[in-house]
Amino acid sequence: MAEPFLIKMPQLSDTMSEGTIVSWEKAIGDFVSRGTVVATVETDKAIMDVEVFREGYLSGPLAPLGAAIAVGTPIAALVGESAAVTDTHAAAPAAAQTATPAAIEAPRGQAILMPQLSDTMAEGTLVSWEKAIGDFISRGTVVATVETDKAIMDVEVFREGYLSGPQANAGQVVPVGQPIAFLVADAKEVTQGALVPSAPVAAKATPAPFAPVPSGSVQAKTRAPAMPHGATPAPRPRKGAATPYARQLAGAHGIDINSLAAGTGPGGCITGADVAGAGGGPRVQAKRIFQVPGAGRPMDSMEKAVSQNMEYSLSMPLFRVTVHVDPARLGRAAKDLKVSLTVLLAAAAARAIERHPRVNAVYQHEDRIVERTQIDVGLAVETEGMGLVVPVLRNVVARSVDELNAQWKDLVARARLKRLKPEEYSNPTFTISNMGMLGVAQFDAIPVPGTSAIFAIASTQPHGMPVTMTADHRIVNGAEAAKFLNTFKGLIEDPAWLFAPAGPAAAARSAQTATTRAERPSSGALPADTSGYDCDVLVIGGGPGGEDCARELVDHGRRVIMVNDAPFPGGECLWRGCIPSKAWRAAADRIRDRRHDADLGVVNTAEPALDWSRLDVMRKRVLTTRGEMALKTDKGVRIDVREGFAYFDSDHSAVIVPVEGADPYERRAPQSGAPGKRVTFASAVIATGAPPFVPPIPGADGPGVLTSDTVWNLEGPPGRLVVVGAGAIGLEMAQIFIDFGCEVTVLEARDRVLPEVEVEVATQLAALLAKEARLSVVTSARVQGIEGTPGSVTVRYTLGADACLAQADYVLLATGKRPVTEPLALARAGVAADRGVITVNEHCQTSVPHIFAVGDVVGGYMLAHTAGHQGRVAAQTLLGHEAAYDERKDSGVIFTRPQAAFVGLSAEQARVQGLDPVEIKVPFSIDAKAMITGETAGFIKMVADRATRRIVGVHFLADHADTLIGSAVLMVSAGLTLEQVGSAIHPHPTQTELFGDLARRLLARLRRTARATS
Ligand SMILES: Cc1cc2nc3c(=O)[nH]c(=O)nc-3n(C[C@H](O)[C@H](O)[C@H](O)COP(=O)(O)OP(=O)(O)OC[C@H]3O[C@@H](n4cnc5c(N)ncnc54)[C@H](O)[C@@H]3O)c2cc1C
């Protein structure tokens, strides 16, 4: 790319004449690959993405945010080398400029313009009219298809009206922004006739004269014939040029592109319409046709596609091999795992292909082989009305059978309702046709184009289930087919792979994705007879993890002792964590929100003051009320609640040391080894939490140093505070205290804040915090020592080579939490731990199968709802039910202002899981409600899996993220698709509408990208 390529404001709808830059998604100097979204722009309809379809480095001058730019005006540039990048920002243009399409004088009504469907598209060839003159057109209707430089694409209109002439004819080349027809409001205004091509177009092409078409009559469609999937393009013509689509079409239909006359495209370029026969017609090779008497009905599109695919496959040199397989064990495994046998057959086939990758390759015309790494298995399903449909499970080896099963159910249900999208039933890399359930004793199947083999599975007979492989001999030879079939047979007859631990080999496979289930419990369920024990389950710890577990167990009639070394349940969450910190946050919010009162016309509220003692009374009242309520409920549902400290005596017994009279607000010192009452249990659940971690910094145990356990004892907000640690607790506390009037310095050893949240959320939050008065956040700061007493504490730290000091009244250590498990005497029970963190599997089972551990004590996300969920997972497993904790669907809210929140995976995490993520975001700066309340900082970002369209993560930097996230949690945990969320009816005016917008925008982008890159 010698000259910079100009990225221009695209025309993203037929009425768009200018767009406002909402965000730059890439920075100057970033390398941009094809199909990347570089910016978002607000059009007259929505916020839309600006994608580019070239490679290069993003270069200035970059159009500024908020600038309204005319369609066709450059907004940035792409250059071939990073050295050529210009780091400049353009001034906002004064007004819409030259590239606005010339106003078109329609006889009456609105012009339908040739849209710009890719950033390189300057003109399009009209391929077909999908609606006839006089037809009533509703919003979102496809009225025509046009051939661009990349593909044939639809022309949608976003207004209502009657289609009217003058109209461009099929084959006509029309510049972007010029009319191709008109819409009129009244059927009586409809006019006929053809559009006269504009001068430059006339110079390039010589379309046939247009004949007037009667209003309302049906026009012959000139849509190009369907192409077999996987068809290979014809070689470039020896003379002149042909569009990629024309070559693909010619390849698919065996047309010699050199036999065509010069094309009707620019410079004589052969277009798809030329190949298809429009505008004079290419010379298609003669086909021998058997004439059948009778009128016949036209095939529907599915029948046509099947027919053409099958015709194509006749050119493949096929051979067949059969083995007999005993499916009994796989059938039992399917029942055991509660998944479909069909899904397990697909999973086994995919694993066999993984070992024989040649089966996943395909012949490419001419004399080439495409070797694919991803294994996409198509499974034929009988449907009413659509006949046999082949929904495709993508990337099969990289996904768990549960996930595949859930997707399969969804695909089958939608296939039966004719609701599958083409990308969901096209382009498998291998296919299975299972007619066993229809009682077929033996058959063979024809591989679909784009694959080299197919399985035909017939009904089980005395000597087994016949599996016949039909394969393309150009790719797979007989010996390979036999070996592959035997591998498949082995996987079916010994399905141990379904239960194998996800070891290093599995992790390495398919980019570290969960290929199989993690280790299943050997036997987590409670035994039938527990009468020899004092209780069925001893739960140690009465925080969210222990209490939720105990309640679930007693709900199912089990005998539970819950021992907690505090007078009330609730644990850290109620007494020293979530709830008291949110009481403080609520008071801080009231103070902070007063800043916007004046904007709303509410005056005289500008100087709020904090009455610390009243806040303290309220905090304690909420805590004790909740604690007492919880204790009453626990006892009421018949949990045997004991106030005491427990430690293990053996793997079926523990000692409970009484600790009556303890202060509920304080963490108790461990009582390990002290005498107490011995209790026996069939199973135990450890839910003892994790105290604040105090790093070995000299002076960290000094009198002026607080932790999240002791900060509550302050007698008022300090004037100056140093917070060590910019994690969730550190940032929440820092912002609360600045709202209370403190001066706060946050010292963080890492180079970023909030390492657990999505990177852009953390980066933007850090930028907002940097603007806060009285707050400074210093990253890469290493604390070396703390000296002094309350009111005068000095923190020594280094910043690179510099030695620095920070002075404060107090220091708050917010350096994380770490379980302390020595006092539990885990070794007596044989429970393994790694530096205090108890090791568990996904069922929360420790190294001792009947002892479980949940919550902070097992590490990972140290959050109250995580602990509660894990408590229920342990209880369900003890009850013999299937349950697992899946960190990929967990969530969290950090109660800063705005709040940082997440559910599921970031794009980066999704990639590590082997998914192909796509993401989209919306800034709150465009949301009317956010504007009203002055809460325009931040954004919502949605991450979906490109293949399945499932939403795998949603990330927030938003005021009210704590309520908005509820919807997102359901999306991720239920595995909702973009279509499902995009078609849900969100109430107006609420910020939940943004979820629907995001889903629809992302779908639209995926459609555009699929078209532009096909
Ligand atoms: C300031 C702060 C704010 C927080 N904010 C949030 C938030 O907004 N959202 C969120 O999700 N999480 C938050 N958390 C984290 C949350 O408090 C914990 O993740 C959660 O309480 C963990 O629950 P748990 O059941 O694992 O342990 P805990 O709640 O710690 O409960 C463990 C219980 O076991 C008792 N115990 C310990 N050892 C023994 C023993 N040997 N015998 C008997 N009893 C024992 C303890 O006394 C305690 O009662 C916050 C934490 C802090 C410190």
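In the predicted model, strand β20 (residues 377-379) and strand β24 (residues 430-434) run parallel and are joined by three bridges, with Leu 379 standing opposite Ile 432 in β24. Both strands belong to an open sheet of six strands with mixed pairing, arranged in the order β17-β26-β25-β24-β20-β23. Because β17 (318-325) and β23 (392-393) stand at the edges and have a single partner strand each, one side of each is left without a neighbour in the sheet.

Two helices lie across strands of this sheet. Helix α6 (residues 341-355) lies across β20, β23, β24, β25 (453-457) and β26 (465-472), and runs at about 145 degrees to β24, whereas helix α9 (residues 478-493) lies across β17, β24, β25 and β26, running at about 25 degrees to β17.

A further pairing involves strand β10 (residues 123-129), which runs antiparallel to β12 and is joined to β12 by four bridges; within this pair, Leu 126 has Val 146 of β12 as its bridge partner. Strand β12 (residues 141-147) is mostly covered, with six of its seven residues buried.

The ligand is surrounded by 34 residues, of which the closest are Gly 545, Asn 564, Asp 565, Lys 582 and Ala 864. Oxygen atoms of the ligand lie 2.9 Å from a polar backbone atom of Gly 545, 3.2 Å from a backbone N or O atom of Cys 573, and 2.9 Å from an N or O atom in the side chain of Asp 856. Of the 990 Å² of accessible area that the ligand has on its own, the protein covers 94%.

Notes. Residues are numbered from 1 along each chain as its sequence is written. This is a predicted model: local features need pLDDT of at least 70, side-chain atom pairs count only at pLDDT 80 or more; totals for chains, interfaces and linings use all residues. Side-chain values use heavy atoms; hydrogens and water are left out. Two strands pair if DSSP finds at least two bridges between them. Contact means heavy atoms within 4.5 Å. Axes are lines fitted to C-alpha atoms, for helices over the stretch in contact, and angles run from 0 to 180 degrees between N-to-C directions. Buried means under 20% relative accessible area, exposed over 50%, partly exposed in between (1.4 Å probe, protein chains only). A residue is near a molecule or strand if one of its heavy atoms lies within 4 Å of it. A polar contact is a pair of N or O atoms within 3.5 Å; within protein, one must be able to donate a hydrogen and the other to accept it, and residues adjacent in sequence count only if both atoms are side-chain atoms. Accessible areas come from the Shrake-Rupley method with a 1.4 Å probe; for residues, only the protein chains shown count as cover.
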